Every structure is written in C-alpha cells, then in structure tokens.
Amino acid sequence: MDKIILTDLRIDAVIGIWDWEKRNPQIITIDLEMLTDIKKASQSDSIKDALDYKAVSKRVKQFIQESQFNLIETLAENVAKIILEEFDVQWLKLKISKPFAIRDSKDIGVCIERTKDG
C-alpha cells in the first residue's frame, strides 16, 4: 500500500467544553496519512484513478464546519469514519490539534489510527 499525506489543514471549528468555545469558532489543524493503492493512478496519470485528496479535504472541512463537538476525541472518530467510509482508504492516521488551547503551550491534540475493517 501507498501513503497519501496531507498536513496542516486549517479549519474553523466550534469545539470545546467552555461556553466561550461554543460561541467562538477556533482554528484547528489536521494532519492525515491515508493508505491507498496509487499504482493505477500512476499508470493512467488520471485523477479518476487516484485518491482525490482535494475531495477528502473539502469533505472534512464541510463536516467540521457544519458540526459542533465538546471533545476533539469525538471529532477525530467522526472524521476518521467519514474518510474510511466515503473514500478508497484502507487505513488512516489522523491528528487533530487545537493551537494555543492550553496557556503556555503551542497546541494540544489527539492522534488516532483506524482501519476500514474496524
């Protein structure tokens, strides 16, 4: 299997447990590693045979902008489920970070790995 990597995707999200977080969108960042077979796409040189990472990023952004969660753990599980169900991805590693969510830190985040099989 081959790996498609998408890093530092920035999205405005309503995420958090505090009232001010529920009222004010925050920027979160997403890093994705997705296993897929790129052989057919490499031979045809056609996007129709490739994992369309622009479509993946647009779908993830749409979902996050239309959602609201208390925890980034819940958000991560839901994003992983969408990618595995809607795209030709067998495995993924997903990292979601909330920059500056903790005073005196750069960011806080979660990193999960999931497979299509469960």
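A residue counts as buried when its relative accessible area is under 20%, as exposed when that area is over 50%, and as partly exposed in between, using a 1.4 Å probe and protein chains only. Keep that scale in mind as we walk through this predicted model, in which local features need pLDDT of at least 70, side-chain atom pairs count only at pLDDT 80 or more, and totals for chains, interfaces and linings use all residues. Residues are numbered from 1 along each chain as its sequence is written, and side-chain values use heavy atoms, leaving out hydrogens and water.

Let's start with the whole chain. Of its 118 residues, 36% count as buried, and its C-alpha atoms fill a box of roughly 50 × 25 × 20 Å along the principal axes. There are four helices and five strands; these are DSSP runs numbered from the N terminus, with helices (H or I) of at least four residues and strands (E) of at least two. Along the sequence they follow the pattern β-α-β-α-α-β-α-β-β.

Next comes the sheet. Strands of a sheet pair through backbone hydrogen bonds, either parallel or antiparallel. Here five strands form an open sheet with mixed pairing, in the order β3-β1-β2-β4-β5. Because β3 and β5 (107–115) each have a single partner strand, they stand at the edges, and one side of each is left without a neighbour in the sheet. Two strands pair if DSSP finds at least two bridges between them; β1 and β3 run parallel and are joined by two bridges. Opposite F69 in β3 stands I15.

F69 leads us to another partner. Rings of Phe, Tyr and Trp (its six-membered ring) pair if their centres lie within 6.5 Å, with planes under 30 degrees apart called stacked, over 60 edge-to-face and the rest tilted. By this rule there is one aromatic pair. The ring centres of F63 and F69 are 6.0 Å apart and their planes stand at 40°, so the pair is tilted. Both F63 and F69 are buried.

Now look at S67, in the loop between α3 (53–65) and β3 (68–69). Is S67 buried or exposed? Its relative accessible area is 17%, so S67 is buried. A polar atom of the S67 side chain lies 2.6 Å from the backbone oxygen of F63.

Finally, turn to W18, in the loop between β1 (2–15) and α1 (19–23). With a relative accessible area of 52%, W18 is exposed.

Conventions
Polar contact = N/O pair within 3.5 Å; in protein donor to acceptor, adjacent residues only side chain to side chain.
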